[in-house]
Amino acid sequence: SSAASDVYKRQEYIRGVTLRFLCRIAEEELLEPLVPSIMANLEHRHSYVRKNAVLALSAVYRLPKGELLMPDAPEVVEKLLRSEQDISTRRNAFQMLSLHDQDRAVGYLFDNIDRVADWGDVLQVSVLELIRKVCKAQPESRGRYIKIILALLHSRSAAVLYECSTTLV
């Protein structure tokens, strides 16, 4: 039983590392047949595989023809984000949305505005990065984000407090 468990853990690790490796490949012809497997790994039972599947999905979507290979990627990632429990996977999903569908990321943020203070620090830092990016592009929207920043100022994480202060400045 223990040997079988070790083999399964090794398989999950190899699957996760392989997904991470796919992030470095920029040849769409090589990645196209792998898209269904990447998408399937978003539902894998182990969070290590899911978080690396999100990274691979984001890397493929970033390619010039990535939107054609996965037209529904932002919707799939948002669905994952809404149901995911693992904080690293949620952060990767939120960052993917921030990069590729900013309006969807902002929508998710405001849908969950009352829970942002309870999110883990790595996800809170990603939220603050999005807020800075949006406020830089749309200075007139700064007021919408003050409530979130003020809520995050009560965090116990030094990294979140630092990011809040730089966001405010």
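From the N terminus onward, the elements of this protein follow the pattern α-α-α-α-α-α-α-α-α-α-α. That makes 11 helices and zero strands. Keep in mind as you look around that this is a predicted model.

Let's start with the protein as a whole. The C-alpha trace spans about 50 × 40 × 25 Å along its principal axes. Among contacts between residues at least 6 apart in sequence, 60% join residues at least 24 apart. Here are some overall values for the protein:

| Property of the protein | Value |
|---|---|
| Share of the 169 residues that count as buried | 41% |
| Accessible surface | about 9,700 Å² |
| Share of the accessible surface belonging to carbon and sulfur atoms | 53% |
| Distance between the mean positions of the 23 positive and 22 negative charges | 5 Å |

Now let's zoom in on one helix, H7, which covers residues 87-100. H7 has 14 residues, and the distance from its first C-alpha to its last is 20 Å, close to the 20 Å expected at 1.5 Å a residue.

Conventions
Residues are numbered from 1 along each chain as its sequence is written. This is a predicted model: local features need pLDDT of at least 70, side-chain atom pairs count only at pLDDT 80 or more; totals for chains, interfaces and linings use all residues. Side-chain values use heavy atoms; hydrogens and water are left out. Helices (H or I, at least four residues) and strands (E, at least two) are DSSP runs, numbered from the N terminus. The expected span of a helix is 1.5 Å times one less than its number of residues. Buried means under 20% relative accessible area, exposed over 50%, partly exposed in between (1.4 Å probe, protein chains only). Contact means heavy atoms within 4.5 Å. Accessible areas come from the Shrake-Rupley method with a 1.4 Å probe; for residues, only the protein chains shown count as cover. Lys and Arg count as positive and Asp and Glu as negative; His and the chain ends are not counted. The place of a charge is taken as NZ of Lys, CZ of Arg, CG of Asp or CD of Glu.
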